[in-house]
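This briefing concerns helix packing and charged side-chain pairs. Please consult it alongside the sequence and the model.

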Amino acid sequence: MLANNPPLAKATFALLSQLLEHNTFDARLRELMIMRIGWVTGSAYEWTQHWRVATAAGVPPEDILAVRDWHASDRLTAADKAVLAATDESLAGKAISDLTWAEVTKHIPDPGQQVEFVVAMGNWTMFSILLRNLKIPVEDGVAVWPPDGMASPAAEA
C-alpha cells in the first residue's frame, strides 16, 4: 500500500524500524498498547498481525486478550494498566490526564522511553486508521481476530 508513495513509504518504514528494532520501550507494554489500539479502533489487521508479534515477544495470550476489558482484568500489572489508561485517553481524542501520566511515569521513569511510548502510540494509531480506511485485508489463510475470532465491536462488518 505504501509503495504507491515511495518517499512516504521510506519515511514511514524508518520510523517503524526505529520503534520495532531499535527501541528502548518495554516490548510487553508496547504490544499491549498496540493490541488495545487494534481492539478499540476495530482494526482486524492490526490485531491479527500484532497477535503474532506479541506472542513471539513472550506476552501470554491471556494477557493479550485481557486488553479487551483491561479495567476488569486481574492478569495485568499496574504498569500495563497505566499504559492502557493513557492509550484509551489518547484514543478518545483527549490529552493524557495528569493523573494517568503520573501513573505512567511511575512505571516508565526514563524520559526517552516516555517519548517513545507516545510516539509509538501515535504510530500504531496512524497505522490502524490507514489500514482500516484503505481496507487492507489480512493475508490469505491467516485467522482474523486470533485466537477466538471475536471481533471488536468497533470492527466494520
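A salt bridge is a side-chain nitrogen of Lys or Arg within 4 Å of a carboxyl oxygen of Asp or Glu. By this rule, the count is eight salt bridges. The model is predicted, so local features need pLDDT of at least 70 and side-chain atom pairs count only at pLDDT 80 or more, while totals for chains, interfaces and linings use all residues. Residues are numbered from 1 along each chain as its sequence is written, and side-chain values use heavy atoms, with hydrogens and water left out.

**Salt bridges across the sequence**

- E139 and R52 form a salt bridge at 4.0 Å, N to O; E139 lies in the segment after helix 7 and R52 in helix 3 (residues 44-56), 87 residues apart.
- R68 pairs with D148, with the closest N and O atoms 2.7 Å apart.
- R68 lies in the loop between helix 4 (61-66) and helix 5 (78-91), and D148 in the segment after helix 7, so the pair ties together parts 80 residues apart in sequence.
- R68 is buried at 17% relative accessible area (buried means under 20%, exposed over 50%, partly exposed in between, with a 1.4 Å probe and protein chains only), whereas D148 is partly exposed at 45%.

**Salt bridge within a helix**

- K106 and E103 meet in a salt bridge of 3.0 Å, N to O.
- Both belong to helix 6 (residues 98-107), three residues apart, and are thus separated by about one helical turn.
- K106 is exposed at 60% relative accessibility, and E103 is partly exposed at 25%.

Technical notes: Helices (H or I, at least four residues) and strands (E, at least two) are DSSP runs, numbered from the N terminus.
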